[in-house]
Amino acid sequence: MTTTNPADGTTIAEYARHDDGEVEARLARSWTRFTHDWRTRPLDDRTDLLERLADVLDDRTDELARLMTAEMGKPIRAARSEVEKCAWLCRHYAETAETYLAGRSIQTDAAKSYVRYDPMGPILAVMPWNFPLWQVFRFLVPNVVGGNTCLLRHASNVTGTALEIERMVAEAGGPDGLFTTLLCDHDTVESIIGDRRVRGVTLTGSDVAGRAVAAAAGRNLKPSVMELGGSDPFIVLDDADLDLAAQLAVDSRYLNSGQSCINAKRLIVAESRYEDFLDALVQRVKGLVVGDPTEESTDIGPLASEGHRDTVADQVHRTLVHRNGGEALVGATMIDGPGAFYAPTVIRDVNPEAPAASEEVFGPVSAVMSAADDDVAVALANATRFGLGAAIITGDDERGEAVAAQIDAGMVFVNQLVKSDPRLPFGGVKDSGYGRELSQEGAVAFLNTKLVWVD
């Protein structure tokens, strides 16, 4: 397994895959840790571990940020913010676990009846490269505090980060087998899901990967959470503050160089504000700094690989040659020189059937279209197989909430970009998956909701 710096194409490191014997040994340690120790640890022990893990993250922020930047090209400022967010997640669950995991009494004709939440066992996570720390931690933290042990199969291009997470859990005092990284291929993942000791599986990634992993989980009757792709609409109503709308659109669409499932990928703008919004958007996009992701001034780094960059370029090309596909106002080109760079792009008048609107474009590309009224905006927003997040920008909160009620998505933000937050449930509908991470919903996603009746 080789990791490569997408900014210049140089090799970072090579890692040996775990053979069948090593995978079995790691599964056995995870199961033993769960059955003989972690499931019965007092909650205070688990929350104390999270506090120490947050401290480790704080101490190693710069080191971890540089590693992520090297492995997948994340601009260094964003990489540091990701580490800081993981520390916040640890402390949030340390503070709220007692409330999140508390059972509840139910009034029946029994002397006593109640629900309690019990751990289930080792949980497998299959994770992508775009937020190599955050997406692992939002699986790791709730499961560790809930009494489960954790198995990680990370994307191969961020193998260094995957191994660092395992080391950090140990450095914080996590016992052997509590968190385990598996360096294995996709075929091995299916056999791991089928192992009787693995009690659940969660995946963040494409809907193609989600279908394969969810099918394996279903065949083995294992609970699963799927956080899949998105083609999030960003709706600008005719009463919106255009400066706010344009800035939030840029902040959302070009976050992580456009490589986020919750980027604002389809910008749907009221006809009466369309041209003014485009002017404000293009002006801001032209001001984005593209370049070396280790530089503090860089806004847009390379995409994760040259192959991924080529996919984005192909989607833009097919959009522009599509019948009434749209017109590029800025960008729409690869950047000469080494590295997987693609210029920040704005395409106006995008046909809803063109690739930039009908597919998930995982790069710095804004697909902009107009809507005659709120009903048309809602129809365009819902005209996708995805349903992860949506944003609505308006001068009237009640109007925004009325539009939000009509959107087919797991999360809708009014006058704010779509974002993840430890306090809020995160997840989607339709081809964006099912189940929820974070908040109380994420805390109990892989726990046994057990009824106890006493008579």
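Modeller: A helix here is a DSSP run of H or I with at least four residues, numbered from the N terminus. This model is predicted.

Colleague: What makes up the second largest pocket, and how much space lies in it?

Modeller: The second largest pocket holds about 670 Å³. Ala78, Phe131, Asp251, Leu255 and Asn256 are the closest to its centre among the 30 residues that line it. Helix 4 (76–100), helix 5 (134–146) and helix 9 (242–253) each give two or more residues to that lining. Helix 4 has the largest share, with five residues.

Colleague: How do the lining residues of the second largest pocket divide into nonpolar, polar and charged?

Modeller: There are 14 nonpolar, eight polar and eight charged residues. Asp counts as charged, whereas Ala, Phe and Leu count as nonpolar.

Colleague: And which residues are closest to the centre of the largest pocket?

Modeller: The largest pocket has a volume of about 830 Å³. Pro128, Thr204, Gly205, Ser206 and Ala209 are the closest to its centre, out of 39 lining residues. Helix 7 (186–194), strand 8 (200–204), helix 8 (207–219) and helix 11 (306–321) each supply two or more of the lining residues. Six residues, the largest share, come from helix 8. By class, the lining has 17 nonpolar, 13 polar and nine charged residues.

Colleague: Why does Cys184 count as buried?

Modeller: Buried means under 20% relative accessible area. Cys184 is at 2% relative accessibility and therefore counts as buried. Cys150, at 0%, is therefore buried too.

Colleague: Which residues touch the most other members of the largest nonpolar core?

Modeller: Leu57, Leu133, Phe137 and Phe277 do, in a core of 87 residues. Helix 4 gives the most to this core, 11 residues.

Colleague: What is Phe277 in contact with, leaving aside its neighbours within four places in sequence?

Modeller: Contact requires heavy atoms within 4.5 Å. Phe277 meets that with Val236, Leu242, Ala245, Ala246, Ala249, Leu267, Val269 and Val368.

Colleague: Which residues does the second, separate core include?

Modeller: Among its 28 residues are Ala354, Ala357, Ala367 and Ile392. Members of a core must be joined through side-chain atoms within 4.5 Å.

Notes
Residues numbered from 1 in each chain as written. Predicted model: local features only at pLDDT ≥ 70, side-chain atom pairs only at ≥ 80, totals over all residues. Heavy atoms only, no water. 1 Å grid on protein atoms, 1.4 Å probe; cavity = no way out; pocket = protein on both sides within 12 Å on 5 of 7 lines; lining within 4 Å. Points joined across faces, edges and corners; volume = space filled by probe spheres on them. Buried < 20%, exposed > 50% of the residue type's maximum accessible area, 1.4 Å probe, protein only.
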